[in-house]
Amino acid sequence: MSVRELVVLGTASQVPTRHRNHNGYLLRWDGEGILFDPGEGTQRQMLRAGVAAHDLHRICVTHFHGDHSLGLAGVIQRINLDRVPHEITAHFPRSGQRFYDRLRYSTAYRETVPLTEASVDSDGVLASTKSYVLEAHKLSHPVESYGYRLVEPDGRRMLPERLASYGIGGADVGRIQREGALGDVSLDEVSEVRRGQRFAFVMDTRLCDGVYALAEGCDMLVIESTFLDGDMQLAVDHGHLTAGQAGAVARDAGVRHLVLTHFSQRYSEPDEFERQARAAGFEGELTVAHDLLRVPVPKRR
């Protein structure tokens, strides 16, 4: 049975607090694990959340500020210590290559696992698998930053009533799915398009075209909401979003499940983030993330 869920490892921005670790998010997607923005302490949070190095297949870094990348060194060394048997690919802004190299080789260790580098320097597709297409879109932050988006290929949903009306059953159902037709009956006549699921990860950024491109039509949007709306000028000055802005993006993009995270240490009460996102008009499912939370990706429509 396939599992699609978000495991939240940390939710703090800039500095950790007593209750929030630095950033870290694992997306489980049909047997693959994609680790986003491993901040300081991510390796320990993985242990607490029951996430092993063997669960990782990709690492996606949005940008090289410490709260999004300082944990990379420990995670990479753990991958090698545990001798992960499969390929792991690291995606990160190409402009941050020197930071990636320093983190990867920050201390002495024995390399046992080849780590594939696939840096990002423009919008577009980074990888295609049977389960998803991975895309990147540039964001607006003081250092170069990219958000990531997974799009599952569309499938087909068989319609039992249509199949019955044409007398199609048993092994013939599989045959028409494979071959696209059965006699004079086409697959389109007995099925409909089942839209693939979409997931987006949007960290440090002001409002920009990339935010909307990543969020469009998502089943789950994980997005920073560093500040509350009353601190809008701070958000603009430092290249961040407010809770209200995140809610408005999700509203306009038709997001089904909004996950707010990356909270400034100045706030201790999470309820206000949800209130402001709701006040912006978002009516879908909403989660204010906390460390070690597990959030299922919504089921297909």
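Colleague: Which residue just after helix 3 takes a positive phi?

Modeller: That is Arg 83, with a phi of about 50°. Before going further, this is a predicted model, in which local features need pLDDT of at least 70 and side-chain atom pairs count only at pLDDT 80 or more, while totals for chains, interfaces and linings use all residues. Residues are numbered from 1 along each chain as its sequence is written, and side-chain values use heavy atoms, with hydrogens and water left out.

Colleague: And what counts as a helix or a strand here?

Modeller: Both are DSSP runs numbered from the N terminus, where helices are H or I with at least four residues and strands are E with at least two.

Colleague: Which residues of helix 3 are buried?

Modeller: They are Leu 72, Ala 73, Val 75, Ile 76, Ile 79 and Asn 80, where buried means under 20% relative accessible area, exposed over 50% and partly exposed in between, using a 1.4 Å probe and protein chains only.

Colleague: At what angle do helix 3 and helix 4 pack?

Modeller: Helix 3 (residues 72-81) and helix 4 (residues 97-104) pack at about 55°, and their axes are 8 Å apart; the axes are lines fitted to C-alpha atoms, for helices over the stretch in contact, and angles run from 0 to 180 degrees between N-to-C directions. The two helices are therefore oblique to each other, given that angles under 35 degrees count as roughly parallel, over 145 as roughly antiparallel, 65 to 115 as roughly perpendicular and the rest as oblique.

Colleague: Which residues meet there?

Modeller: Leu 72, Ala 73 and Ile 76 in helix 3 meet Tyr 100, Leu 103 and Arg 104 in helix 4, contact being heavy atoms within 4.5 Å. By class, the contact of helix 3 with helix 4 has five nonpolar, no polar and one charged residues; here Ala, Val, Leu, Ile, Met, Phe, Trp, Tyr, Cys and Pro count as nonpolar, Asp, Glu, Lys and Arg as charged, and the others, Gly among them, as polar.

Colleague: Let's move to the sheet. In what order do the strands come?

Modeller: Seven strands form an open sheet in the order 6-5-4-3-2-1-18, with mixed pairing, and two strands pair if DSSP finds at least two bridges between them. Strand 6 and strand 18 (294-296) stand at the edges with a single partner strand each, so one side of each is left without a neighbour in the sheet. From one strand to the next, the twist averages 20°.

Colleague: How many bridges join strand 4 to strand 5?

Modeller: Three bridges join strand 4 (residues 58-60) to strand 5, and these strands run parallel; Arg 58 stands opposite Thr 89 in strand 5. Strand 5 also pairs with strand 6 (residues 115-117) in the parallel sense over three bridges, with Leu 115 as the bridge partner of Ile 88.

Colleague: Which way do the side chains of strand 5 point?

Modeller: Ile 88 and Ala 90 point one way from strand 5 (residues 88-91), whereas Thr 89 and His 91 point the other way, and all are buried.

Colleague: What about strand 3, and which strands does helix 3 lie across?

Modeller: Strand 3 (residues 32-36) is joined to strand 4 by three bridges, running parallel, and the bridge partner of Phe 36 is Cys 60 in strand 4. Helix 3 lies across strand 3, strand 4, strand 5 and strand 6, running at about 175° to strand 4. Helix 4 also packs on the sheet, where it touches strand 5 and strand 6, and its direction makes about 170° with that of strand 6.

Colleague: Changing topic, how many residues of helix 10 are buried?

Modeller: Nine of its 11 residues are buried, which leaves helix 10 mostly covered. Those buried residues pack against helix 8 (209-215), strand 15 (220-224), helix 9 (232-238), strand 16 (257-261) and helix 11.

Colleague: How far apart are the axes of helix 10 and helix 11?

Modeller: The axes of helix 10 (residues 243-253) and helix 11 (residues 271-279) are 7 Å apart, and the helices pack at an angle of about 45°. The contact is made by Ala 243, Gly 244 and Gly 247 of helix 10 with Phe 273, Gln 276 and Ala 277 of helix 11, and its residues divide into three nonpolar, three polar and no charged.
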